[in-house]
Amino acid sequence: MITTLLYSMTGLILFGMGLFTLIVHSHPLRKILAVNVMSTGVFLILIATAYTPLGQGEVDPVPHAMVLTGIVVSVSVTALALILACRVQETSNLDLLKKKTVPETAKESTT
Amino acid sequence: MIFLNVDNPSWMITPIIVPLTAGLLCFLFQRKTFAIALSAVLVNLLAACFLIGQLLTCGPMRYSMGGWQAPLGITLRTDGPAVLMLLMTGVTGFAITLYARGYFSFRIDDPGGTDRHQQQQRYFWPLWLLLLAGLNGLFLSNDIFNLYITLEIIGISAASLAALSGKPAARLASFRYLLSSLLGSLTFLLGIVFLYKSCGLLDLDLLRNLTENGPGVRAALALMSVGLLLKTALVPMHFWLPPAHANALAPVSAILSALVIKGSFYLLFRLWFEVFASSITTEALNVMGGLGAGAILWGAIQAMRQHRLKLMVAYSTVSQLGYLFVAFPLSRAADNAQVWSIVIFMAMAHACAKSAMFMSAGTIFLHFGHDRIQDLTGVRASLPITVLAYGIAGVTLMGLPPSGAFIAKWLLLSWALASCQWWWVLVIIAGSAMAMIYVFRVISRFIVIPEGFSSQKLEFHSRLLEWPALALALISLLLGLVAPWLLHILAKGSIDLTQILPGGLP
């Protein structure tokens, strides 16, 4: 019981830390890493739910399958976020990112 | 030939498999992508109609993927709301596909066009088909972890689509969109973990049978709701929506505004009113209604203040989403099927009208090179059909009869009065009045041709740019006339729970 609780609490703390960084920091790379830390936290809690002490029944396989799927999703989303962050930096300077407000005007120079 | 029987439940994988396969084919073959996409969207529409017919003859169905039964395997199911959402996606998706063809060929044929437009078209088709597969999966899936996967598929393809236009503002908006959507889906996943920890189940029908109402279930519901609200862009979590929708290419804006948002809303509604209906308190319903009322007013005020056409349409999406949430607190006065009917009417009418509006705005942007509202005087002279489509879609947004939105608002008003909650009536009426202001403000500029005005001669004119928008606007207007038929489909009710094997419960 105490093992599950320990791992679950660690997972929750990781989730909270990631959430804090995601909201507070403005650098795109930090935001992407924060999302990764958050998903690691969720996976940790999920793995902890599958835990059974040795010799007290079967380990539940469903959370393991869910974590595997979740990791695949997390990797692909991180790749997409990284490439988008690179493209944002190519076309615009970092000052744009540091501003709190998004420029809302649709630029006219597209057509 | 047992597989070809009409009552075989395995037909319901068609709307998921076909767009997914077609999307992969579009990646492999770079020619004929439009032919592949068009046939996939057509098959998808036919499959939606077929599933409606199947529902009417055989009732709701469940299908276990690969023969694995409920507690372990993944199940799909059809019922009234699911097939109607499939129909909405099919019809809107078909029109958007035609419009996108016209849009891209217009830009590629443009003498000033570059390779960039060619490339945009190349990536648009696979991403759009992937998004379609994800949406259909969301409407049909009955397993909560599978729903998380479909949410992620939708989020990834929607963010990539939003970045397609390549403008710096669009890239930044799409990066923010991706991060918000990730935050939403991670919160949703944490909710799933809590739910699995307290119930040990993932199947929605099995969860509904569970009478457990402990703190774990309530925490799970709260986390999942917050995640989905962020994805649905309810005020005050709408910050990512206007820049992402307004800076995207016109067909993409139509997809994002009409379909993507409805996906997460549909899931939220299903969780609140079907799966966890016993854990919902009146206070929680009132909070959702209050946020919805805030969304109606705030979105409408912002829409009235905008100087750009596309931003105005995007803020009107924020406003219209509020009506879907005002239906929450009225559910105590009505039964489940009635609340579903309000929400489905509103969602279908808004999907058709809003995509028609974004298409018209995109056509105007293409021909005039800008979308500043004050400089768009006399557009009627050059693009009469587009202006007509815009106006009819505006009628739906205001909620005038016989549009589907009128039916939804009428039901909302009558239940609000019947259950003595008159304050919602004020909000709904104020929202409709403000919708009238922001629609007429634009239409009046389009229609009035000042003296001595020489209409711009337009070189390019593609029918595909104008007629799909008009068709969708007309569908949204005439939706109210087929209301009894839609209500009949909805009344087919939910699945008989005895079909699920009871021995599978842990």
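**Exercise 1.** Into which domains is chain B divided? Work with the predicted model above, and then find which elements of domain 1 touch domain 2.

*Solution.* 
Step 1. Start with the bounds: domain 1 of chain B covers 1-280, while domain 2 is written in two segments, 295-452 + 462-496.

Step 2. Taken over C-alpha atoms, the centres of domain 1 and domain 2 of chain B are 22 Å apart.

Step 3. Now look at the contact, counting residues whose C-beta atoms lie within 7 Å. Domain 1 of chain B brings 46 residues to it, and domain 2 of chain B brings 47.

Step 4. Trace the domain 1 side back to its elements. At least two residues each come from α2 (33-58), α3 (80-109), α9 (241-247) and α10 (250-275) of chain B. The largest share belongs to α3(B), with 16 residues.

Step 5. Finish with the classes: this side of domain 1 of chain B holds 29 nonpolar, ten polar and seven charged residues.

**Exercise 2.** Now turn to the other chain. How many residues does the contact take from chain B and from chain A, and which element gives the largest share of the chain B side?

*Solution.* 
Step 1. Count each side: 38 residues are from chain B and 36 residues from chain A.

Step 2. List the elements of chain B that give two or more residues to the side touching chain A: α5 (144-163), α6 (168-199), α9 and α12 (309-326).

Step 3. Pick out the main contributor. With 18 residues, α6(B) gives the largest share of that side.

Conventions. Residues are numbered from 1 along each chain as its sequence is written. Chains are lettered from A and ligands numbered from 1 in the order in which they are written. This is a predicted model: local features need pLDDT of at least 70, side-chain atom pairs count only at pLDDT 80 or more; totals for chains, interfaces and linings use all residues. Domain bounds come from an automatic or database domain assignment. Two residues are in contact if their C-beta atoms, placed from the backbone, lie within 7 Å. Helices (H or I, at least four residues) and strands (E, at least two) are DSSP runs, numbered from the N terminus. Ala, Val, Leu, Ile, Met, Phe, Trp, Tyr, Cys and Pro count as nonpolar, Asp, Glu, Lys and Arg as charged, and the others, Gly among them, as polar.
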